[in-house]
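Me: I would like to learn how to read a few features of a protein model. Please take them one at a time.

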Amino acid sequence: MPQSKLITMDEFTIQETRKFPQATGELSTLLRDIGLAGKIINKQVRRAGLEDILGKHGATNVQGEEQMKLDVYSNDIMIDIFMNSPECAGIASEENDDHVCYEDTFSANSKYVVLFDPLDGSSNIDVNAPIGTIFAIYRRVSELGKPCTKEDFLQPGNRLMAAGYVIYGSSTMMVYATKLGVNGFTLEPSIGEFCLSHPNIKCPENGKIYSINQGNSSKYSDGMKAYLDYCMENKKEENRPYSHRYIGSMVGDLHRTLIKGGIFMYPADKSSTKGKLRLQYECNPMAFIVEAAGGKAMCNTGNILDIVPTELHQRTPIFIGSKNMVNKAMEFVMEKEVVG
Ligand code: AHM
Ligand code: MG
């Protein structure tokens, strides 16, 4: 139903914050800063083909991946915005070897740190497929008044205060989750504001889509191969075979999974025994969002959000989406866990 009045993301966030009399509004300010970064990145993504900003930057990041020009641009925007944000003590990014502490007096007294992947799915930049910015916000555990420390960035996902993403797709949307739930805001270009378009998102308990890079299947474990056979099996009464959809952009694939239901998987395989996707700024924020929407997110050994990180850029296998589909997949995967 069309809304009679647009509710901007800022208005919505302020209304939500008022439910907690003790809230200081700092988290709301951080979310607004991320919205601003999203709008600036969006502007550049939308005109990418017109300027010399497509293609490779010429450097590799700490994980040995080639950086695209828009990866670097987006990372610089995020770092600058949080540097000017008095609510953020420091950041960690997919594109930086180590975390960055902001050492001015305001930042040393800030309660929060932010982890992000500034532009996920960058192999899709040049072909106009959806890409996105993923973020995770933690309350720091180090002493206030001093620079933040590594421990602030190595907290498990179950301590997240908020997480979300901006998707640069057929429209631009920001979706964020707190423990209160998940809401989506579409960028209304004529006024330059994210406006509430998807209130109280719930991930359907069942779905009909599985999403995985099936080209890797010869390297999967027996359990994983058996689950793929299950997805493709003909069982009309159970909606199988499921449809297969894979963009190769986690934000795009998970946005669809969140709205329509389904399962997204990036398992371990023979050549990547820890999986590909990074725990702190890809899997944890997505797991937090999907679980806040009633879905589920697992790795081979348990819940993604319970993993205690030991390294900033560590990887994990992930099975995430509709609760019942994830439970079923885990019956196969946990049964025959050995890869090879
Ligand atoms: P990136 O952070 O370098 O963009 O890589 C992460 C992306 C995810 O968005 C996506 O789910 C995955 O890599 C696709 O990997 P593959 O091409 O191996 O299927
Ligand atoms: Mg990424």
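Me: How far is an oxygen atom of ligand 1 from an N or O atom in the side chain of Arg-278?

Reply: A polar contact is a pair of N or O atoms within 3.5 Å; within protein, one must be able to donate a hydrogen and the other to accept it, and residues adjacent in sequence count only if both atoms are side-chain atoms. Here the distance to the Arg-278 side chain is 3.2 Å. Ligand 1 also has an oxygen atom 2.5 Å from a polar side-chain atom of Tyr-246, and an oxygen atom 2.8 Å from a polar backbone atom of Gly-121.

Me: What share of the ligand's area does the protein bury?

Reply: Accessible areas come from the Shrake-Rupley method with a 1.4 Å probe; for residues, only the protein chains shown count as cover. Ligand 1 taken alone exposes 480 Å², and the protein buries 84% of that.

Me: How were this model and its values prepared?

Reply: The model is predicted: local features need pLDDT of at least 70, side-chain atom pairs count only at pLDDT 80 or more, and totals for chains, interfaces and linings use all residues. Residues are numbered from 1 along each chain as its sequence is written, chains are lettered from A and ligands numbered from 1 in the order in which they are written, and side-chain values use heavy atoms, with hydrogens and water left out.

Me: How many residues surround ligand 1?

Reply: A residue is near a molecule if one of its heavy atoms lies within 4 Å of it. There are 17 around ligand 1, and the closest include Asp-120 and Tyr-266. Domain bounds come from an automatic or database domain assignment; domain 1 (9-198) and domain 2 (209-336) each give at least three residues to the shell.

Me: Is Arg-240 buried or exposed?

Reply: Buried means under 20% relative accessible area, exposed over 50%, partly exposed in between (1.4 Å probe, protein chains only). Arg-240 has a relative accessible area of 5%, so it is buried. A polar atom of the Arg-240 side chain lies 3.0 Å from the backbone oxygen of Tyr-230.

Me: How many residues of helix H8 are buried?

Reply: Helices (H or I, at least four residues) and strands (E, at least two) are DSSP runs, numbered from the N terminus. In helix H8 (residues 279-292), 12 of the 14 residues are buried, so the helix is largely enclosed by the rest of the structure. Among them are Tyr-281, Cys-283 and Phe-288. Just after H8, Gly-294 takes a positive phi of about 95°.
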